[in-house]
Amino acid sequence: MHLLRHDWTTEEITEIYNRPFLDLVYQAATVHRENKDYAEVQISSLISIKTGGCAEDCAYCPQAARYHTDLEVQALMKVDQVVDAAMKAKAGGASRLCMGAAWREVRDNRDFDRVIDMVKAVNELDMEVCCTLGMLSEHQAQRLADAGLYAYNHNLDTSEEDYKRIISTRTYDDRLNTIKNVRKAKLTVCSGGIVGLGETVADRVSMLCTLANMPKHPESVPINALVPVKGTPLENQPRIPIWDMVRMIATARIVMPGSVVRLSAGRNEMSTLEQAFCFMAGANSIFAGDKLLTTPNPAFVDDMAMFELLGLKTREAFKNGRPENTLKKEEAVL
Ligand code: SAM
Ligand code: DTB
Ligand code: SF4
């Protein structure tokens, strides 16, 4: 495998991002093909366990309480409802379930206790369990790890320089701190960002540089295309050109060759050919299921038809082994 570097400069990443398009894709595909499992795509399914009413002001987000979006606020789901949804996702081919909550941060209360129960229950279904619940303390990360969580998603979203334009209710350092807490609990990290927020190429490069220079690269790097939602400050943002999306995926693949790069939000607006280019450029994961958190996503059957057409296979759960904390009850040595 390509040497993993943690000393990238913005100049180097800018040069990669701006290469002639086909050269960039060719290089990213070459890096990707050094991985023997390059035709395998990891499938995550999202479920919004607590929807809307969030205190933060993320300019892209339909779930922020302060924007008037047509969203129905929903209290924290029950464990049984989550297990039903997880079984459905598994039957559709998902190896990972990602549970999202519209929280600024986790609080040590009964709701968090219930999320811990959800993590335990989904882990028992032999699925990788991921959560995205906002900011976490080290102790909270450890509780999630003890419950069998596999990954924690916490996106940087944009560059440090651009952050204030998009979110004013927390800082970039808050974000980086949570990621550190997740690492301390030995969970895997899922962290990436969004393109199409009105950021510059320098912002995209800067965000990739922050991710690629972390002491350990995030195991998953989601690249989302903004889904503009009516009522949010970014509702009128133009759709991101597919060329930019492919460039972003290809550059992520080159600078973080050992990570899973996820072609995330925005697939509903992409043709199969456009998505094929993203896979060619090194994307090896998607969110599947007809809904992301609150916005539409292609149906499972359509994605499976695309996989068939492109010769892609789905990746099984726990491909890189089952971490100690995710052992099922009967396997754990008590
Ligand atoms: N509240 C938690 C947080 O912000 O970390 C977890 C849920 S939040 C919805 C998870 C991620 O969804 C955000 O960091 C952002 O990257 C992505 N996201 C939210 N709205 C989006 C949109 N309209 N288009 C693309 N990505 C979006
Ligand atoms: C990620 O990077 N993208 C997902 C997941 N992690 C949590 C969320 C996308 C949300 C898109 C807008 C919505 O459906 O609300
Ligand atoms: Fe809240 Fe997360 Fe949406 Fe920001 S992205 S408003 S923190 S749910």
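Begin by selecting helix 2 (residues 21-33) and helix 9 (residues 242-255) in this predicted model, where helices are DSSP runs of H or I with at least four residues, numbered from the N terminus. Their axes come within 9 Å and cross at roughly 40°, the axes being lines fitted to C-alpha atoms over the stretch in contact, with angles running from 0 to 180 degrees between N-to-C directions. Helix 2 and helix 9 are therefore oblique to each other, since angles under 35 degrees count as roughly parallel, over 145 as roughly antiparallel, 65 to 115 as roughly perpendicular and the rest as oblique.

Now show the side chains along this pair. From helix 2, Phe-21, Leu-24, Val-25, Gln-27, Ala-28, Val-31 and His-32 meet Trp-243, Val-246, Arg-247, Ala-250, Thr-251, Arg-253 and Ile-254 of helix 9, contact meaning heavy atoms within 4.5 Å. The residues of this contact divide into nine nonpolar, three polar and two charged (Ala, Val, Leu, Ile, Met, Phe, Trp, Tyr, Cys and Pro count as nonpolar, Asp, Glu, Lys and Arg as charged, and the others, Gly among them, as polar).

Next, select helix 1 (residues 10-17) with helix 8 (residues 201-212), whose axes come within 9 Å and cross at roughly 120°. That angle makes helix 1 oblique to helix 8. Thr-10, Ile-13, Thr-14 and Tyr-17 of helix 1 make the contact with Val-201, Arg-204, Val-205, Leu-208 and Cys-209 of helix 8, and these residues comprise six nonpolar, two polar and one charged.

Move on to ligand 1, which 17 residues surround, the closest being Tyr-60, Asn-155, Asp-157, Arg-175 and Val-227; a residue is counted here if one of its heavy atoms lies within 4 Å. A polar side-chain atom of Asp-157 is 2.6 Å from an oxygen atom of ligand 1, and an N or O atom in the side chain of Asn-155 lies 2.9 Å from an oxygen atom of the ligand.

Finally, select ligand 2, around which the residues include Leu-46, Pro-62, Asn-155, Phe-287 and Leu-292. An oxygen atom of ligand 2 is 2.8 Å from an N or O atom in the side chain of Asn-224, and for the side chain of Thr-295 the distance from a ligand oxygen is 2.8 Å.

For selecting, residues are numbered from 1 along each chain as its sequence is written, and chains are lettered from A and ligands numbered from 1 in the order in which they are written. Local features need pLDDT of at least 70 and side-chain atom pairs count only at pLDDT 80 or more, while totals for chains, interfaces and linings use all residues, and side-chain values use heavy atoms, with hydrogens and water left out.

How values were computed. Helices (H or I, at least four residues) and strands (E, at least two) are DSSP runs, numbered from the N terminus. A polar contact is a pair of N or O atoms within 3.5 Å; within protein, one must be able to donate a hydrogen and the other to accept it, and residues adjacent in sequence count only if both atoms are side-chain atoms.
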